[in-house]
There are 2 protein chains.
Amino acid sequence: MKAELVFVGTELLLGEILNTNAQYLSQQLALLGIDVYYQQVVGDNYDRARAIFAQALERSDVVIASGGLGPTMDDITRDVAAEAAGRPLELNEQIHAELKAWFERRGRTMTENNARQALVPEGAAVLHNDRGTAPGLAIPCGGGKVIILLPGPPNELRPMFERHVVPYLTKLTGGAPLALVTRTLRFIDIGESALEEALRDIITQQSDPSIAPYAKTGEVHLRLATKASTPEAGLARILPVEQAIRGRVGHHIYGIDSTSLEAAVGHLLKERGLHVTVAESCSGGLIAKRITDIPGSSAYFDFGFVTYSNTAKMRMLGVPAELLEAHGAVCEQVVAAMAQGALAAAGADIAVAVSGIAGPDGGTPEKPVGTVCLGLAARGSGVWTRTLHLWGSRADIRDRTATQALAMIRRHLLGQRV
Amino acid sequence: MKAELVFVGTELLLGEILNTNAQYLSQQLALLGIDVYYQQVVGDNYDRARAIFAQALERSDVVIASGGLGPTMDDITRDVAAEAAGRPLELNEQIHAELKAWFERRGRTMTENNARQALVPEGAAVLHNDRGTAPGLAIPCGGGKVIILLPGPPNELRPMFERHVVPYLTKLTGGAPLALVTRTLRFIDIGESALEEALRDIITQQSDPSIAPYAKTGEVHLRLATKASTPEAGLARILPVEQAIRGRVGHHIYGIDSTSLEAAVGHLLKERGLHVTVAESCSGGLIAKRITDIPGSSAYFDFGFVTYSNTAKMRMLGVPAELLEAHGAVCEQVVAAMAQGALAAAGADIAVAVSGIAGPDGGTPEKPVGTVCLGLAARGSGVWTRTLHLWGSRADIRDRTATQALAMIRRHLLGQRV
């Protein structure tokens with residue numbers, strides 16, 4: 001079944017509002033296994049809207065439209081859709097009575113134009129609006145096609161879609177609806193092209209579930225997707241492919257679906273009863289911020305040291321002045337001393353420290369912008385240091401630095417220090 | 001002149017991304033006085049996309065499309081548009097060389113498919129991409145019509161539109177080019193409705209420049225916009241209105257256009273040669289992160305204390321244990337002690353401290369989620385404390401906390417403690 005979305009409203013064409021209904025309805029239809037080939041936006045103009053509905057009905061089985069169902073003269077969608085469906089409008093006494101009651105409950109008189117909202121195309125099903133006055137409509141058209149009209153405000157459209165349109169469409173697709181089932185594997189410490197290389201044969205041989213990589217700042221996601229009659233049936237098709245992927249690059253998978261790296265690291269720390277601390281120069285508080293983005297992070301995080309100047313590194317973390325003088329603040333010796341100092345000062349189990357040049361200024365030929373040193377110290381293990389050469393804007397470099405620091409904690413916890 | 005927007009991308013039809021480009025481009029075209037009658041979204045399918053372009057070219061003068069300009073096989077927009085315009089694709093040597101250089105600078109080899117991005121329809125103008133590899137294209141078609149292709153990522157599309165498409169369209173609309181001139185006034189410590197109330201007569205009497213308020217998390221922006229033959233002429237129309245606004249609420253304006261609050265505060269600190277420090281509990285490093293987002297912040301920021309636990313507040317900042325025991329960590333006495341402790345430990349001129357309940361758990365009837373205490377200590381002035389009742393998600397509450405902390409520093413520096 002092919003669906004098409006039509007949005008009616010001059011405010012969309014003027015950019016006055018963001019069309020969040022387009023994303024919401026597309027997501028919902030994908031989850032129902034209904035293909036969407038087109039989305040269209042048209043203004044409050046009768047002739048143009050009529051042409052759009054006629055075209056949509058020509059090429060799609062279900063036309064879902066939102067907006068323009070209100071009481072005023074520029075709310076044209078009901079009339080346009082009735083004409084496209086070839087079904088005359090009739091006054092629905094029940095809706096009319098409900099509208100009157102709605103206004104009475106609020107101590108207001110119903111103005112005449114509000115009665116327009118009680119007009120229903122002959123043979124159409126009425127979809128109740130729990131949050132406003134304009135009901136939705138499902139209008140059967142020739143050839144088994146249907147137009148579904150929904151109100152524009154998202155807080156009216158969403159409950160109406162979930163309560164009334166989903167059952168309607170499920171019946172229309174004939175009992176066994178196909179749900180889109182997806183599972184996103186989140187990778188760290190491997191690039192998009194290296195990941196594709198490692199999985200090339202799996203990706204090319206595999207068409208169901210489909211496998212799509214997405215590069216994010218400092219990490220890569222791989223989305224496995226299939227359509228099935230139930231979530232369980234879909235998962236049963238996805239999991240063997242996931243297992244094959246895990247067999248090759250499983251140690252790079254830190255989480256599934258919406259799990260963030262900081263949540264995954266937090267989970268490991270909590271599980272093991274360990275406390276972490278951070279000593280941050282170029283990231284300036286971002287690592288601590290990401291760790292504490294997670295509710296309940298107080299179970300494993302107490303102290304963070306933002307040591308932006310050399311004085312702060314000496315005073316808060318006991319980094320020797322000679323070290324800073326001899327090598328500058330961006331070197332592996334300094335981050336090692338920062339991590340050890342933070343570990344002791346916080347009485348933590350693990351400390352991660354970063355120092356680098358986030359730019360746009362401050363680079364030198366030996367240490368260009370993007371040079372970042374990371375150090376990790378832990379009770380009972382030696383200090384582990386790394387130097388990275390990152391790229392992008394100041395914000396990108398800081399984001400990647402924080403991601404790499406979190407990734408180091410993860411690798412340390414999993415015994416994957418390299 | 002009538003424009004039509006076409007968005008190419010299966011990810012839009014699946015609802016995987018929100019189409020913010022639709023709103024952005026519609027707004028921009030409205031500001032240029034160009035009517036938009038239709039927006040369309042189509043997937044990465046050659047035949048369907050070709051039909052959409054043909055239809056758009058039939059009924060509109062300018063077709064602006066975004067997405068599908070990348071290097072891979074499913075990036076079809078360039079080919080489809082060239083066919084719709086009836087202009088064969090040719091390899092553009094200069095773009096090809098630039099692409100190669102782009103990859104070389106990053107120490108990567110350019111794979112063959114990347115060369116697709118150097119294909120240009122005969123006679124098309126190339127729009128330079130400052131942020132990515134795929135250039136934009138302006139393709140003249142029959143009858144004075146034109147197709148403009150832009151990349152999908154908003155951070156590439158927006159600068160390209162403003163730098164290259166606006167002048168191009170201005171020339172196309174003929175003769176006296178009208179430039180959109182805007183100036184955004186950024187307000188802090190005043191809500192959207194209070195701001196509208198204070199400026200109601202100015203806003204209603206004023207049609208050129210137009211005045212539009214936008215509520216942001218914790219702040220409000222007011223955009224003044226006009227069309228003029230030169231930026232200077234536009235500014236001459238805007239500035240008297242800005243002066244009238246400043247006469248009423250000028251002390252709430254912290255910056256113009258893209259100046260962030262942290263940049264404005266940093267500028268004040270640098271100007272006065274003062275150093276600031278932060279002591280953060282519920283914001284967990286976010287205030288330090290925002291301060292150090294600004295290049296050159298090392299001129300006024302050295303130390304940050306992330307004291308997430310009570311132990312950290314005692315050990316790093318010398319907050320008395322009795323205080324924490326008597327009142328809990330979220331109270332004005334504790335943030336006062338935190339600010340004084342940070343001021344001393346960092347040897348700074350100003351210290352701001354925050355402690356609160358960011359949620360989703362941890363609220364009590366007396367101190368519900370969103371209760372946040374802020375304290376500011378400064379050399380030679382008393383301690384200033386405030387208790388706020390914030391709302392929204394954990395992330396919202398933390399964002400607003402950081403914004404309010406920065407706002408307190410600003411008010412202290414400007415002698416506006418209330």
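User: How many bridges join β14(A) to strand β14 of chain B?

Analyst: This is a predicted model, where local features need pLDDT of at least 70 and side-chain atom pairs count only at pLDDT 80 or more, while totals for chains, interfaces and linings use all residues. Residues are numbered from 1 along each chain as its sequence is written, and chains are lettered from A and ligands numbered from 1 in the order in which they are written. Helices (H or I, at least four residues) and strands (E, at least two) are DSSP runs numbered from the N terminus, and two strands pair if DSSP finds at least two bridges between them. Here the strands run antiparallel, and the number of bridges is five.

User: Which residue of β14(B) stands opposite A:Phe303?

Analyst: Strand β14 of chain B covers residues 301-307. Across from A:Phe303 stands B:Thr307.

User: How many residues of chain A are in contact with chain B?

Analyst: Contact means that two C-beta atoms, placed from the backbone, lie within 7 Å. Chain B puts in 44 residues, and chain A's number is 44.

User: Is chain A compact or spread out?

Analyst: Chain A has 14 helices and 17 strands. Its radius of gyration (over C-alpha atoms) is 29 Å; the globule rule is 2.2 Å times the number of residues to the power 0.38. That rule gives 22 Å for 418 residues, and 29 Å is well over it, so compared with a compact globule chain A is more spread out.

User: How far apart are the C-alpha centres of domain 1 and domain 3 of chain A?

Analyst: An automatic or database assignment sets the bounds: domain 1 is 2-172, domain 2 is 179-256 and domain 3 is 262-413. The separation between the centres of domains 1 and 3 is 54 Å.
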